[in-house]
Structures are given as C-alpha cells and as structure tokens.
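Please look over the sequence and the structure shown below. A short briefing follows, grouped by topic.

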Amino acid sequence: MANKLDLRRFPGFLAVTYLCLFLLYAPLIVVMVYSFNDSNSITNWGGLSLRWYGEVFWGAEAAKFKAAAINSITIATMAAISATTIATLAATAMLKAGKFRGKSFGFALINLPLMVPEIVTAVATLIFFSAIGFTTGYFTILIAHIVFCVPFAYLPIAARMQGIEDVYEQAALDLYATRFQAFKLILLPLMTPGIISGFLLAFIISLDDFIITNFVKGAGIETLPTAIFGSVKQGIKPNIMAISTLLLLVSVVFVTLSYLVGRMGQNKK
Amino acid sequence: MAGLVSKSTSNTSTYAGLGPLLMLPSWVLIGFFLVLPVGMMLIYSFLTKEFRGGVIWEFSLAAYDQFFFDRGLFGDDPPVIEWTYIKIFWRSTWQAAVATFFCLLIGFPTAWFIATRTGPNKSIWLFLITIPYWVNLLIRTISMKFLIRDTGPLNEWLLSLGVISEPIHIINTNFAVQLGLFYSYLPFMVLPIYASVERYNFSFSEAAADLYASRWTTLTKVILPFVKPGIIAGCILVFVPSLGAFLAPDLLGGAKNFMIGSLIEEQFKGNAGNWPFGAAISMILLSIVLVVLTYYARQQGKEEAR
C-alpha cells in the first residue's frame with residue numbers, strides 16, 4: 001500500500017500546486033488589501049480605511065456605477081432565468097427523451113457559444129443587430145447574454161439529471177399521471193439543486209461579461225464591467241479597487257453557493 | 001467547454017417523441033442569435049465599407065485584399081504581400097502558444113497532485129482552482145496590471161527586499177501579455193487534465209515499477225500517453241481563448257503589443273472603423289479556431305477507436 005501511494009507522488013508537484021494557487025490568488029488578494037488603503041495615491045500605503053468604499057457609493061462616479069450595477073443585475077437575473085429554463089428543457093430532451101433526429105446536432109448547437117471565440121460572437125451579434133435595424137442597447141445586451149449563458153446553465157443541470165433514474169417518473173406514469181405532470185411534479189423537484197446551481201453560474205457569467213457587452217451595448221448604456229473598463233482607461237483609481245473587491249466577493253459567494261447547492265443534492269442520493 | 005470535456009449518454013426515455021419540441025427553444029435561440037449572425041458576418045466581410053461604420057451592400061473582396069496584399073497608397077501599384085496583419089496573427093499565435101506552454105508546465109503537476117488526493121480534501125483543492133475562473137476576467141486583468149506596474153506592489157516589495165535595485169519594467173511588454181493570458185486561463189488547463197488523471201488506473205504504474213521503470217520513465221512512457229487527451233483538451237481550452245483575447249493585450253500590452261482582439265475591436269469602434277475588414281479578420285480567426293477544434297475532435301475520435 002505504501003508503495004502504491006508512493007507511485008502517486010512526484011517530488012515537487014506539491015510545491016507547484018502551491019505556486020499555482022499563489023499565482024491565481026496573489027493579484028486578487030493584493031487588490032483586496034489595497035482597496036482598504038487610506039491614501040490618495042494607489043502606490044503608497046496610508047493605513048486602513050473604508051473611504052474608497054464610501055467613494056464607490058457616494059463619490060463622484062457613484063451615480064454612474066449605480067446605474068451600471070442596476071443594469072448588470074437586472075440583465076443577469078433575466079438572462080439567467082431564461083437560460084436556465086431553456087437549458088432545463090434541452091437537458092430533458094438530451095437525457096430523457098430517447099433518440100430523435102438532430103439530437104447530436106442539438107448538443108453541438110448548445111455548446112456552440114463555448115466554441116466560438118468571444119470576440120467573434122461579439123462582432124457577429126453586433127453586425128446582426130445592426131443589419132436587422134435593431135437599436136443597440138439594453139435589449140440587445142440581454143439577448144446576447146441569454147445565448148452565452150445557456151451552455152453554462154446546461155452543465156450542472158445535465159450533470160444533475162444524469163443522476164436521476166426515471167423509475168420515479170415511470171411510477172407516476174403508471175399511476176396515470178400525464179407526462180407534463182410527471183415533469184412538473186417529479187422531475188422538476190428532483191432537479192431543483194441542479195437548476196439553482198445552473199442559475200447561479202449563468203448569473204455570474206452574465207455579470208462578468210465584458211467583451212460581448214462592450215460590442216452590443218451601444219452608446220449611453222453601461223454594465224458594471226464596461227463602466228469599470230471605461231474608468232480604468234484613465235488609470236487605476238482606488239475606488240476601482242474597492243468596486244472590484246465588491247464584485248469579486250459577489251462572484252465568490254455565488255460560486256460557493258452553487259457548489260454547496262450542487263453537493264447538497266448529491267449527498268441526498 | 002462541456003462538449004470538450006464530457007459526453008452525455010443515457011437511454012431513458014420518459015419523454016420519448018418530445019425531444020425536438022424540448023430542444024426547440026435552444027435551437028431557435030442559438031440558431032437565430034448565433035449561427036445566423038455568424039452567417040451575416042461572413043456576408044459582411046464581402047461587402048464594401050462605409051465610412052463612419054457600417055457597410056454599403058455591394059460585393060467586394062476589398063477586406064480580404066487589404067488583409068493579404070499591399071497595393072500602395074493609391075491602390076494601383078502591383079500587389080505585394082502585406083505583412084502587417086499576418087504579423088499580428090503570428091504574434092497572437094506565439095503569445096497564445098507561450099501562455100499555453102506555461103499553463104501546462106504549472107497546470108499538469110497541479111492537476112496530478114489534486115487528482116491523487118484522497119478524501120474530502122480533493123474537492124476543496126479543486127474548488128480553490130475553480131474560484132478564480134469565476135471571478136470577473138476584467139477584474140483579474142486589472143489586478144494583474146495593478147500588481148506589476150512600475151510603481152506597483154511587486155516592484156515595491158522587490159526593491160524594499162533588496163532583490164532588485166531599480167524597478168523591473170514588466171507592463172506594456174510581450175511578457176506582460178503572456179503573463180496576463182497565463183493568469184486568465186490557467187484553471188482551464190488544470191480541470192481537463194484533472195479529469196484524465198482521475199480515470200488513470202494506478203496498476204499501470206505498479207506494473208511499470210515491477211518492471212524496474214523509474215518514476216520519471218513511468219511518467220513519460222505510461223502516464224503521459226494515458227492522460228494525453230486531457231492535456232490536449234487543456235491546451236485547446238487555453239490556446240483558443242488566448243488567441244482572440246482582448247483584455248490582457250489591451251490592458252497589459254499597451255499599443256505596441258497589438259493582438260487580433262484589439263485589431264478587431266478597432267474596426268468597430270470610433271471613426272477609423274472598417275466593418276467589412278473587421279468581419280473578415282473575425283472570419284479568419286474563426287477559421288483558425290475551427291481547424292484547431294476539428295483536429296481535436298479527430299484526436300478524440302482516434303482515442304475512442306483505440
């Protein structure tokens with residue numbers, strides 16, 4: 001046994017793993033720490049303070065960031081709800097509807113937004129909306145977000161559905177439930193953890209998107225990432241570090257929730 | 001990503017016959033708002049540019065011509081090869097390749113280490129690797145920029161520790177872009193390799209050890225061939241987004257280290273824009289990505305046939 005464990009171990013791999021985590025987290029931690037810096041310059045350390053968080057909420061750029069945050073949150077919520085609904089139906093088709101024509105093609109189509117480089121999607125979407133004479137703005141951002149959220153919502157939903165045997169639904173059907181009832185009363189409740197998990201991931205993906213939003217947003221409307229990008233173009237200011245830290249925490253909280261909800265479902269099994 | 005990493009198989013059929021109906025919303029959505037737009041983009045790349053953005057509906061090869069050939073200031077000289085844009089593509093490919101190499105260098109040992117953990121620690125390690133991926137890419141790139149500035153914390157600490165006597169200039173160099181790409185997509189390398197190592201059967205290692213293979217021989221001759229699909233998947237997941245990346249080259253590279261992403265963006269922003277040209281560059285980028293993905297699919301097919 002000792003020999004077997006030994007074969008799994010390579011000298012230096014632990015060190016590289018620590019290095020990997022260090023590289024991934026160091027820049028984020030530095031920004032978090034410096035967001036509490038009580039100094040007008042971003043370089044010098046002037047003691048701990050919450051002043052830049054105050055600046056985010058009540059400072060010169062507060063109105064801009066508030067409007068951007070409202071856009072970001074409403075778009076992310078609607079995009080995530082739509083993407084989760086579409087992904088749930090698609091997962092049911094892929095995993096619980098047997099064979100049908102266009103199945104493998106459909107699977108490829110769902111994953112297409114992950115294959116096409118983001119910038120190409122951005123260009124194509126902008127061209128499309130402009131060609132059909134659609135004014136770019138809130139609605140075009142929302143549509144574009146739903147499209148690229150679908151594969152992310154699909155991931156945990158399909159993973160969850162794979163673990164659900166169809167004996168429960170078959171039992172319902174034997175007791176004269178319609179298939180719609182079986183779906184609504186049996187499958188959906190069993191799917192809840194997967195669906196919540198998918199919703200949360202889609203929400204973050206939408207909240208995080210910069211490139212596609214930047215192309216299709218048009219003038220006069222900003223989401224948080226585009227507003228932050230616009231601000232950073234004139235140099236990194238301390239309030240940017242504060243708002244980055246807040247956004248970072250939102251992402252971490254949502255991912256952790258998604259992870260925990262997903263695991264909760266698994267443990268019941 | 002899902003398509004690259006896992007495949008779903010299931011024979012249950014409670015909803016037999018409803019498949020197409022259930023798929024309809026996703027087909028309509030993605031067909032109408034992604035496939036159709038890419039088709040429109042292809043058409044636009046063959047149209048005539050209008051100044052101040054947009055197009056004139058007249059067939060033209062000008063966009064592709066501008067990409068590959070230089071016909072002088074007035075467009076009537078004999079065409080010679082235009083290197084400007086090919087160089088930008090070459091630089092992007094190189095930057096993406098370097099980033100991919102370093103991701104593999106760090107990512108493989110990490111994936112191996114995590115996959116060989118036992119008990120609940122394993123999922124915690126894995127979770128720690130995934131978190132940064134879900135953090136806003138813009139914020140991560142800004143963080144990197146903040147860290148490596150000439151007067152940033154990295155230089156300050158190195159100076160105060162006496163490791164260096166004057167600040168190292170990292171920002172606005174090729175290296176900064178490579179670092180940014182590496183940092184952006186590192187988790188993409190770890191996850192598929194992890195999935196491959198998970199499936200590795202350690203009796204192969206035991207067999208190799210019984211036959212007096214050293215640890216490193218076992219690694220290169222037994223383990224690496226087995227986890228190769230995971231390594232290829234990881235490399236593609238890092239290389240493809242790096243190739244078309246916009247944020248890392250824009251924020252960390254400065255004007256001198258232009259990559260494809262910035263070149264495309266430039267065609268759609270401001271008055272210097274040229275939509276057909278931007279569409280043509282996007283089509284060329286998409287073609288390269290499709291070639292890479294097709295190669296990958298072939299490899300996967302071979303692996304499965306084995």
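**Briefing: helices, salt bridges and surface**

Helix 9 (residues 179-208) of chain A spans only 38 Å between its end C-alpha atoms, whereas a straight helix of 30 residues would span 44 Å at 1.5 Å a residue. The expected span of a helix is 1.5 Å times one less than its number of residues. Helices (H or I, at least four residues) and strands (E, at least two) are DSSP runs, numbered from the N terminus.

This is a predicted model, in which local features need pLDDT of at least 70 and side-chain atom pairs count only at pLDDT 80 or more, while totals for chains, interfaces and linings use all residues. Residues are numbered from 1 along each chain as its sequence is written, chains are lettered from A and ligands numbered from 1 in the order in which they are written, and side-chain values use heavy atoms, with hydrogens and water left out.

**Bends in helices of chain A**

- Helix 9 of chain A has a kink of about 55° at A:Thr192, shortly before the proline A:Pro193. The bend at a residue is the angle between axes fitted to the seven residues ending there and the seven starting there.
- Helix 2 of chain A bends by about 35° at A:Tyr25, and the proline A:Pro27 follows within four residues.
- The end C-alpha atoms of helix 2 (residues 13-34) of chain A are 31 Å apart, which agrees with the 32 Å that its 22 residues should span at 1.5 Å a residue.

**The two chains**

- Chain A contains twelve helices and zero strands. Along the sequence its pattern reads α-α-α-α-α-α-α-α-α-α-α-α.
- Taken along the principal axes, the C-alpha atoms of chain A fill a box of roughly 70 × 70 × 30 Å.
- Of the 269 residues in chain A, 57% are buried. Buried means under 20% relative accessible area, exposed over 50%, and partly exposed in between (1.4 Å probe, protein chains only).
- Chain B has 13 helices and four strands.
- For chain B, the box filled by the C-alpha atoms is roughly 75 × 70 × 35 Å along the principal axes.
- Buried residues account for 51% of the 306 residues of chain B.

**Salt bridges**

- Over all chains, a search of the whole structure finds four salt bridges. A salt bridge is a side-chain nitrogen of Lys or Arg within 4 Å of a carboxyl oxygen of Asp or Glu.
- One of them pairs A:Lys96 with A:Glu169, with the closest N and O atoms 3.6 Å apart. A:Lys96 lies in helix 4 (residues 62-96) of chain A and A:Glu169 in helix 8 (residues 167-174) of chain A, so the pair ties together parts that are 73 residues apart in sequence. Both A:Lys96 and A:Glu169 are buried.
- A:Glu222 forms a salt bridge with A:Lys217, and their closest N and O atoms are 3.8 Å apart. A:Glu222 is partly exposed at 29% relative accessible area, whereas A:Lys217 is buried at 10%.
- B:Asp250 and A:Lys233 form a salt bridge in which the closest N and O atoms are 2.7 Å apart. B:Asp250 lies in helix 11 (residues 247-253) of chain B and A:Lys233 in the loop between helix 11 (224-232) and helix 12 (238-268) of chain A, so the pair joins two chains. A:Lys233 counts as partly exposed, at 47% relative accessibility.

**Cysteines**

- The structure holds zero disulfides over all chains. A disulfide is a pair of cysteine sulfur atoms within 2.5 Å.
- From the sulfur of A:Cys20, the closest cysteine sulfur is in B:Cys103 at 8.8 Å, too far for a bond.
- A:Cys20 is buried, with a relative accessible area of 0%. A:Cys149 is also buried, with a relative accessible area of 0%.

**Nonpolar surface patch**

- B:Leu21, B:Leu24, B:Val28, B:Phe32 and B:Leu36 form a nonpolar patch on the surface, with about 460 Å² of accessible area together.
- Patches are made of residues with over 30% relative accessible area and no salt bridge; like charges are joined within 9 Å, and nonpolar side chains (Val, Leu, Ile, Met, Phe, Trp, Tyr) within 5 Å. Accessible areas come from the Shrake-Rupley method with a 1.4 Å probe, and for residues only the protein chains shown count as cover.
- B:Phe32 lies in helix 2 (residues 19-44) of chain B and is partly exposed, with a relative accessible area of 42%.

**Positive phi angles**

- Most residues other than glycine have a negative phi.
- A:Tyr176 is not a glycine but has a positive phi of about 65°. A:Tyr176 lies in the loop between helix 8 and helix 9 of chain A and counts as exposed at 77% relative accessibility.
- B:Asn172 has a positive phi near 65°. B:Asn172 sits in the loop between helix 7 (153-160) and helix 8 (174-199) of chain B and is partly exposed, with a relative accessible area of 37%.
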